[in-house]
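Q: Hi, I'm new to this one. Could you walk me through a few spots?

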Amino acid sequence: MNISHIEHIGIAVKDLKTAIPYYEEVLGFICYNIEEVVEQKVKTAFFKVGETKIELLEPTSEESPVAKFIEKKGEGVHHIAFRVENITEALAECERKGVQLIDKTPRKGAENLNIAFLHPKSTGSVLTELCQE
Ligand code: CO
């Protein structure tokens, strides 16, 4: 698999409005995009850090996987996303190598990326996202 860089780090927050000022006023980043991903029941806010982004995730419903994550573990780092050249091939390679997939086929994520999640059971408990532009 050809991973070029960490595309983003996903961070679960209860409320974007409360979370954003730390990133803007302390770290000096600019929130350049706020976007709702209806399918995943989250509202996202993005900051650029070099080639990598920070993706804040606020659940929009109790049934959101991010709401369940916060309930269990509290706010904090939720997932790490790697940029791959060809997500379909990367998923096939993962499957061949015995990695449990959450998404067998890529779907549309925030920022118009094609994304797929690998199961934490197979990744040393780190929820891992692959994405392709
Ligand atoms: Co993500």
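**A first look around**

A: Happy to! Glu36 has 47% relative accessibility, so it counts as partly exposed. Keep in mind that this is a predicted model.

Q: Where does Glu36 sit?

A: Glu36 belongs to strand S2, which covers residues 31-37.

Q: And which residues does Glu36 touch, leaving out those up to four places away in sequence?

A: Glu36 touches Val42, Lys43 and Thr60.

Q: How far apart are the C-alpha atoms of Glu36 and Lys53?

A: They are separated by 17 Å, and the two residues are 17 residues apart along the chain.

Q: Switching to helix H2, which of its residues are buried?

A: In H2, residues 65-73, the buried ones are Val66, Ala67, Phe69 and Ile70. They lie on the same side of H2, because they cover an arc of only 160° around the axis.

Q: What about the face of H2 turned away from its buried side?

A: That face carries Pro65, Glu71 and Lys72, which are exposed.

Q: Which residue follows H2?

A: Gly74 does, and its phi is positive, near 85°.

Q: New topic: which residues make the nonpolar surface patch of about 290 Å²?

A: Tyr22, Val26 and Leu27 make that patch. Tyr22 is part of helix H1, residues 16-26.

Q: Why does Tyr22 count as partly exposed?

A: Its relative accessibility is 43%, and partly exposed residues fall between the under 20% of buried and the over 50% of exposed ones.

Key: Residues are numbered from 1 along each chain as its sequence is written. This is a predicted model: local features need pLDDT of at least 70, side-chain atom pairs count only at pLDDT 80 or more; totals for chains, interfaces and linings use all residues. Side-chain values use heavy atoms; hydrogens and water are left out. Patches are made of residues with over 30% relative accessible area and no salt bridge: like charges are joined within 9 Å, nonpolar side chains (Val, Leu, Ile, Met, Phe, Trp, Tyr) within 5 Å. Accessible areas come from the Shrake-Rupley method with a 1.4 Å probe; for residues, only the protein chains shown count as cover. A salt bridge is a side-chain nitrogen of Lys or Arg within 4 Å of a carboxyl oxygen of Asp or Glu. Helices (H or I, at least four residues) and strands (E, at least two) are DSSP runs, numbered from the N terminus. Buried means under 20% relative accessible area, exposed over 50%, partly exposed in between (1.4 Å probe, protein chains only). Contact means heavy atoms within 4.5 Å. The arc is that of the directions from the helix axis to the C-beta atoms.
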